[in-house]
Amino acid sequence: MGYTDQKNSRRTAIKSMFAAVVATGAGMFGIASAKSTGSAKLEKSPGKDTAIKKYPDKEFVHQGRQPLFSGSTVHDGFVFVAGKGEHGEGDIKVHTKKVLDKIEEELNRAGSSMEKALQVNVYLHNIRDYDGMNEVYRGRFGDHPPARSTVACYSGIPGNSLVEIDCIAAL
Amino acid sequence: MDNSIKKYPNKEEKNVQGRQPLLSGAVVHGGLVYVAGKGARGERDIRKATTQVLDSIEEELKNAGSSMERALKVTVFMDDLKEFSAMNEAYRGRFGDEPPVRSTVATYGGIPGDSIIEIDCIAALD
């Protein structure tokens, strides 16, 4: 955790700034309870939080080698969640639910939530699964869901997953 | 709040006088750098193509004041999923011990510029 440790001392001082920024952002996304402080001011330096936190991927075995990817990365009030797939049995609804569960778990682990998701990419194995995916997807990110882009990439998703979803969220 | 945006020109597109570029090589804003999707024109070996593309990404990151270790999110577009393992071989370790998150899909014939792989990236500035 090189970067995290190095920059730990800065974190506390920055926390209140984070809160203000998140609150301002939340206002934009229509979350009722959020209120802009108005006085929040981000300056390049000193005090700009350059720390990066990376949460290891828990799903795959890396056999002592360097991992291929992290489960999520956190920087400056943002959480980036890895593209998640489902590699077990089931149809598009089962896969979509399990993938969104994995996304939710990563968001919660990083200190965010489905309601704070900003941008989502959905990669479908087949466009005919679009309606089934939507059925399960709807409501999972709350009343004010994130922006979303969806494409199908015929047989192009690793690990035989019917859907792959990634996500950027606010802390 | 620093609202400034800095854009680094794409060096791969030929500069034609009087014509606007299609895309930038990297864009910096709010402590983040967004690197354009990079390809490897004409390279048919997936390991070599992956290395070449990651070299381009590394160059853009350094040029913008970041590094592979500060990459946060990567998207990999492959021409054919059959080459997933070989791509991973060339990819593993390039972003250090704590790599960024990644999404990978294959888009069969869907990558422009005669490339069998395209990778883009979001990273934090130093």
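What percentage of the 171 residues in chain A is buried? Buried residues make up 48% of them, where buried means under 20% relative accessible area, exposed over 50%, and partly exposed in between, with a 1.4 Å probe and protein chains only.

This is a predicted model, in which local features need pLDDT of at least 70 and side-chain atom pairs count only at pLDDT 80 or more, while totals for chains, interfaces and linings use all residues. Residues are numbered from 1 along each chain as its sequence is written, chains are lettered from A and ligands numbered from 1 in the order in which they are written, and side-chain values use heavy atoms, without hydrogens and water.

**Chain A: fold and helix α3**

Chain A comprises three helices and six strands, and its elements follow the order α-β-β-β-α-β-α-β-β from the N terminus. Helices (H or I, at least four residues) and strands (E, at least two) are DSSP runs, numbered from the N terminus. Of the contacts in chain A with a separation of 6 or more, 73% come from residues 24 or more positions apart; a contact means heavy atoms within 4.5 Å.

In helix α3 (residues 130-137) of chain A, the buried residues are G132(A), M133(A), N134(A), V136(A) and Y137(A). They pack against α2 (92-110), β4 (117-124) and β5 (147-152) of chain A. Just after α3(A), G139(A) has a positive phi of about 90°.

**Chain B: helix α2**

Helix α2 (residues 84-91) of chain B has A86(B), M87(B), N88(B), A90(B) and Y91(B) as buried residues. Their packing partners are α1 (46-63), β4 (71-78), β5 (101-106) and β6 (117-124) of chain B.

**Salt bridges**

The whole structure holds 21 salt bridges over all chains, each defined as a side-chain nitrogen of Lys or Arg within 4 Å of a carboxyl oxygen of Asp or Glu. Among them are the following.

| Pair | Closest N and O atoms |
|---|---|
| E105(A) and K58(A) | 3.2 Å |
| R19(B) and E13(B) | 3.9 Å |

E105(A) lies in helix α2 of chain A and K58(A) in the loop between β1 (52-56) and β2 (70-75) of chain A, so the pair ties together parts that are 47 residues apart in sequence. E105(A) is partly exposed at 47% relative accessibility, whereas K58(A) is exposed at 56%. In chain B, D80(B) is buried, with a relative accessible area of 19%, and K82(B) is exposed at 73%. Salt bridges with shared partners also join K97(A), D101(A), E104(A) and R140(A) into one network.
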